[in-house]
Structures are given as structure tokens and as C-alpha cells.
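This briefing is for a reader new to the structure. Please look at the sequence and the 3D view first.

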Amino acid sequence: MSDVLTKMKTRRSIRKYKPDAVPQELLDQIIEAGLYAASGKGQQAAIIIQVTQKELRDKIAEMNAEIGGWDKGFDPFYGAPAMLIVLGRKDWPTHVYDGSLVMGNMMLAAHELGLGSCWIHRAKEEFETEWGKELLKSLGIEGEYEGIGHCALGYIDGAYPAEPARKENRVYYIK
Ligand SMILES: Cc1cc2nc3c(=O)[nH]c(=O)nc-3n(C[C@H](O)[C@H](O)[C@H](O)COP(=O)(O)O)c2cc1C
């Protein structure tokens, strides 16, 4: 089996991270993998925001937990020190598909580079708030963007998760 196919099968969502920072050189490779994802009509309408500044990372985690209805103190990013937030330009009809593929590429790239990753949801709700809109504005991002997902990243702490069995009867063949 090719290395890519093996990596696709062995990637798992990681829910416990070491606090160690992820080197920028690795983050750059993951971001690049995201930027190379296929996109509707080749529009490349998805954008990526790297957050490694602890203060902002913690603020986003707090907000995410609140949106998810968890008690204060729960970290929905499981201690991951880095996150790559993917957003899609709302005026582009395939923005959710495009952004999801960026997320998929980045999670696979992280696995290839020996890092753990996990899709953390609720980016949509975060960027619907005034706080989220202001953050985009502060980065000079113009136009309307929808949060697609956060790719939590970091070094894996603890045992690697077991592979959940694939559900049966999900494929239909018309030959
Ligand atoms: C759209 C989407 C949203 C997800 N949101 C979360 C999330 O908010 N928190 C989390 O811990 N995992 C989240 N996950 C990860 C899934 O729970 C995980 O992919 C699933 O349990 C299968 O496990 P695996 O990724 O190890 O194969 C999300 C995955 C997807 C695709």
C-alpha cells in the first residue's frame, strides 16, 4: 500500500496534546498542504488563520467551550498549542466543501509529519459574533467569511487511539 493510503487509514483524531510548541517550519508545511487542496472552479476561496499566540488560543478555546455548552475550564482543544482556522468566502457556492477539503489535507499532512490533529467544530458560530468579525477585520480580511473548522495541532500525549471499525454497507456498486 502506498504511504499516502496508509496515512489516510492511520490518521486519528487526537484528544490529548503536550504543551510543546509546534515549530513554524512544520506549521508551514501543513498550511501549504491545505492551500493545495482542490477547490470549486479552482477559486481557492478558503483562507487559513494560524493561531499559536497563547492568549488568543485560550480565548478561542473559552469561546468554543461556551458555544458548545461546556463548563468553564473545559478545553475543547485538548491542550493543543496550535490551531489553523479555516474559513470560506460566503459568496462562493462551494465554500463549505472547499474549506472542508483544506481541513482534510491539513489533518493528513500533520499525521505525515508526526503531529496529532483534530477537527474542532463551532468555527461558524465563533465568526458570526462581533468578536470574530473584528478579528477578521484586524487582519485586514475583507468580505464575508464563514468559519469551517479549526485544525487543532500538537505533539501527541499518551497512547495513539485505536482505529474504529468501518461501518458496513456504506458502498453501493453499479457495474
Ligand atoms: C465536521 C467535523 C467536526 C468535528 N468536530 C469535532 C469537535 O468539535 N471535537 C472533537 O473532539 N472532534 C471533532 N471531530 C472529530 C471526529 O469526532 C472524528 O473524526 C471521529 O470521531 C472519527 O475519528 P477519527 O478522526 O480518529 O477517525 C470532528 C470531525 C468532523 C469531520
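The points below cover confidence, the ligand and the cavities.

This is a predicted model, in which local features need pLDDT of at least 70 and side-chain atom pairs count only at pLDDT 80 or more, while totals for chains, interfaces and linings use all residues. Residues are numbered from 1 along each chain as its sequence is written, and side-chain values use heavy atoms, with hydrogens and water left out.

**Confidence**

- The mean pLDDT (the predictor's confidence in each residue, from 0 to 100) of the protein is 97, and 100% of its residues reach 70 or more.
- Confidence is lowest in helix α1 (residues 3-10), at a mean of 96, and highest in β3, at 99; helices (H or I, at least four residues) and strands (E, at least two) are DSSP runs, numbered from the N terminus.

**Ligand**

- An oxygen atom of the ligand lies 2.4 Å from a polar side-chain atom of tyrosine 78.
- For serine 13, a polar side-chain atom is 2.6 Å from an oxygen atom of the ligand.
- In arginine 12, a side-chain N or O atom is 2.9 Å from an oxygen atom of the ligand.
- Of the 620 Å² of accessible area (Shrake-Rupley method, 1.4 Å probe) that the ligand has on its own, the protein covers 62%.

**Cavities**

- A cavity is a set of points, on a 1 Å grid over the protein atoms alone, where a 1.4 Å probe fits but cannot get out; lining residues have an atom within 4 Å of a point.
- There are two cavities of 30 Å³ or more, a volume being the space filled by probe spheres set on the points, which are joined across faces, edges and corners.
- The largest cavity has a volume of about 40 Å³, and its lining includes Arg11, Arg12, Met107, His111 and Ser117.
- Both α4 (95-112) and β3 (116-120) supply at least two residues of that lining, which divides into five nonpolar, three polar and two charged residues.
- The second largest cavity holds about 30 Å³ of space and is lined by Lys90, Lys124, Phe127, Glu128, Tyr145, Glu146 and Gly147.
- Strand β4 (residues 145-154) gives the most to the lining of the second largest cavity, with three residues.

Key
On a 1 Å grid over the protein atoms alone, a cavity is a set of points where a 1.4 Å probe fits but cannot get out, and a pocket is an open set with protein on both sides within 12 Å along at least five of seven lines; lining residues have an atom within 4 Å of a point. Ala, Val, Leu, Ile, Met, Phe, Trp, Tyr, Cys and Pro count as nonpolar, Asp, Glu, Lys and Arg as charged, and the others, Gly among them, as polar. A polar contact is a pair of N or O atoms within 3.5 Å; within protein, one must be able to donate a hydrogen and the other to accept it, and residues adjacent in sequence count only if both atoms are side-chain atoms.
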